[in-house]
Amino acid sequence: MKKINRRSFLAVCGAAAVAGVLTACGSSSSSTAASSAVSSTASSTASSAAAGDLSSLSGKIATGGSTSMNSVIEALTEGFAEVAPNVTISYDPTGSGAGITGAVEQTLDIGLASRGLHDDETGVTATTVALDGIAIVVNNESAVSDLTVDQLAQIFTKEITNWSEVGGEDGEIVVIGREAGSGTRDGFESIVGVEDACQYDQELTATGAVISAVASNPLAIGYASLSAVGDTVKTLTVGGVECSEATVLDGTYEVQRPFNFITNDSVEQSDAIKAFIEFATSEDAAELIRLAGAVPLVDAQG
Amino acid sequence: MKQQDSASGAVVRKKFNKPHNAAEWLELVMNVIFFLCGILAIGCVALITVYMVISGLPAIGQIGVVEFLFGQKWASTAAEPSFGILPFILSSVYGTLGAILIGIPIGLLTAVFLSKAATPKLRTAATSAIELLSGIPSVIFGLLGMQLLVPAVAAAFGRASGACLLTAILVLSIMILPSIVSVSVTALNAVPREYEEGSLALGATEAETWFKVSVPAAKSGIAAGIVLGIGRAVGEAMAVMMVAGNSPNMPGLFKSVTFLTTAIAKEMSYASGLQRQALFSIGLILFLFIMAINLVLNFFLKGGRNGEK
């Protein structure tokens, strides 16, 4: 009795193990086949794309990087799917640094970065598709409604530690920011001129986390993408200028940054990729970008 | 070890005892498959160890061991970056010690209660509640800590922000309770009834018996539970990240701090270059911490077995 049980158990184990191995082999081989099929169709449809008929384009575009560009890239993906339904665009929200690295290492067709390129990031080109205002947010209960860039710098470096010093009620300022390496943090610190000098009370790893932390603490101040800010927090004016699309575009709102597509200079781009970049910088995409909460460049460029 | 034994058994049979029928062939094949599975587990550990050492050492070499381990400033993305992880090490150590200080009395008393004093009905209910507590994902602890404890700590101590070491300690102390309680209960249940009866017969009260006879007799098991708790506290990332504030400060009870785990978790997604390598080095240090804790755990478990003999 005991022996039979053991033997049948062994048999079941063996069968399961073999099945597992077979499935693994099967799926990997089929996915390789699928991807090579896609790339061959992409190159074969290359000529028709040049003629301007995007609907015959097909292929895959791997994008990834800035988490702040999430809503923009989603809107662009949906919009592009209408004109070129056979092109699949993937997006991996890993952060601006990873987006640029991906473009450099050619693991991404288009890296997404919510900052300009650093000097040591060579071999790649940045194409600005939109601008993003970084809104300065405080709790809805805060009495403060305007700060200058200088005051921001002093608050974030803890030279000013009490709200009463900037026209608010008495209370210690709680400085909330993003973690080192975040595009929003890099953008904010470089614009305000407090790089590497900020003293945060909390470093959080997502825009949403910053907003909810500010919303739940009456003494908090933080920064977040204009597109991500809702009614739960109060957006400050900076130097008297409201943070809005118009003020970002005409440059009067000082705390703003570019949304960039990063492409590798040494890679021959497929027509699908070229068409997508063209689409993203075209007037057709401007409304999509606006709806996604960022500021399109096209109007300004005329 | 066991896998190796069965494997050598399989090899021996292959050489000297050629299988005669289907059943013996099946036996042999299955032995080989089990051997491979065992190798897989050992291989993973070996791979992780080798990978952590290989990817962790270069940055330590580049930064300098002393500078890395005892540097007090972490500014990984600064123009002139500095990679001192002393704040992380101390925060992890203080955080764990704090959690243990709160967790041991509560956990031990709970274990004594469950093992000795509780009625069977209450014991069943409490035991399943504690099992449930150990199954709750750490992100839930973090979420509740963020929503309830952070404001509560800020209000209770008159601080502007409640995201600090103290809050992390409070969250961790709850998270390590199940480890301490369940292992201690098992150890206390294993104390021979005769010990306790002897104590009672000599005129000791029940409480005296529990704390002067049962607990000392079960001490190695209780110690193992505590070490398990330490392991969980040192290795916890998510819950800590949500309540500790995450600034790279030297630890203070009301300061925003970063643990070894959260230092890796919060920066890894955006990291590049030396910063990324340094995060792997932090991982290596954390790995060494966990290994040391496991060695201590093994020591206690062995001690327990010898004691029973």
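Q: Domain bounds come from an automatic or database domain assignment. Which stretches of chain A make up domain 1 and domain 2?
A: Domain 1 of chain A runs over 6-131 + 258-296, and domain 2 covers 133-256. This is a predicted model: local features need pLDDT of at least 70, side-chain atom pairs count only at pLDDT 80 or more, and totals for chains, interfaces and linings use all residues. Residues are numbered from 1 along each chain as its sequence is written, while chains are lettered from A and ligands numbered from 1 in the order in which they are written.

Q: What makes a residue part of the contact between domain 1 and domain 2 of chain A?
A: A contact needs two C-beta atoms, placed from the backbone, within 7 Å. Domain 1 of chain A supplies 15 residues to the contact, and domain 2 of chain A supplies 15 residues.

Q: What classes of residue make up the domain 1 side of that contact in chain A?
A: Ala, Val, Leu, Ile, Met, Phe, Trp, Tyr, Cys and Pro count as nonpolar, Asp, Glu, Lys and Arg as charged, and the others, Gly among them, as polar. On that basis the domain 1 side has five nonpolar, eight polar and two charged residues.

Q: Why is B:P251 called buried?
A: A residue is buried if 20 or more other C-beta atoms lie within 10 Å of its own, exposed if 12 or fewer, and partly exposed in between. B:P251 has 24 other C-beta atoms within 10 Å, so B:P251 is buried. B:P251 sits in the loop between α11 (238-243) and α12 of chain B. Its contacts, not counting residues up to four places away in sequence, are B:P87, B:L90, B:S91, B:Y94, B:L165 and B:V257. The C-alpha atoms of B:P251 and B:Y94 are separated by 7.7 Å, though the two are 157 residues apart along the chain.

Q: Is B:N246 buried or exposed, and why?
A: B:N246 has 28 other C-beta atoms within 10 Å, so B:N246 is buried. B:N246 also lies in the loop between α11 and α12 of chain B. Its phi is positive, about 70°, although B:N246 is not a glycine.

Q: Why is A:Q106 called partly exposed?
A: A:Q106 has 14 other C-beta atoms within 10 Å, so A:Q106 is partly exposed. The loop between α4 (96-104) and β3 (110-113) of chain A holds A:Q106. A:Q106 has a phi near 65°, a positive value in a residue other than glycine.

Q: How do you know that the span of α3(A) is close to the expected one?
A: The expected span is 1.5 Å times one less than the number of residues. Helix α3 (residues 70-83) of chain A has 14 residues and reaches 21 Å from its first C-alpha to its last, close to the 20 Å expected.

Q: Why are the buried residues of α3(A) placed on the same side?
A: The buried residues are A:V72, A:I73, A:A75, A:L76, A:G79 and A:F80. They cover an arc (of the directions from the helix axis to the C-beta atoms) of only 160°, which puts them on the same side of α3(A). A:E78 and A:E82 are exposed, on the face turned away from the buried side of α3(A).

Q: Why do the buried residues of α9(B) share a side?
A: B:W210, B:S214 and B:V215 are buried in α9(B). Their arc around the axis is only 90°, which puts them on the same side of α9(B). They pack against α4 (86-117), α7 (165-189), α8 (193-201) and α10 (219-235) of chain B.

Q: What makes a set of residues a nonpolar core, and which members of the largest touch the most others?
A: A nonpolar core is a set of buried Ala, Val, Leu, Ile, Met, Phe, Trp, Tyr and Cys residues joined through C-beta atoms within 7 Å. In the largest, of 73 residues, A:V72, A:A135, A:I136, A:V137, A:I176 and A:V214 touch the most other members. Strand β4 (residues 124-139) of chain A gives the most to this core, with nine residues.

Conventions. Helix = DSSP H or I, 4+ residues; strand = E, 2+ residues; numbered from the N terminus.
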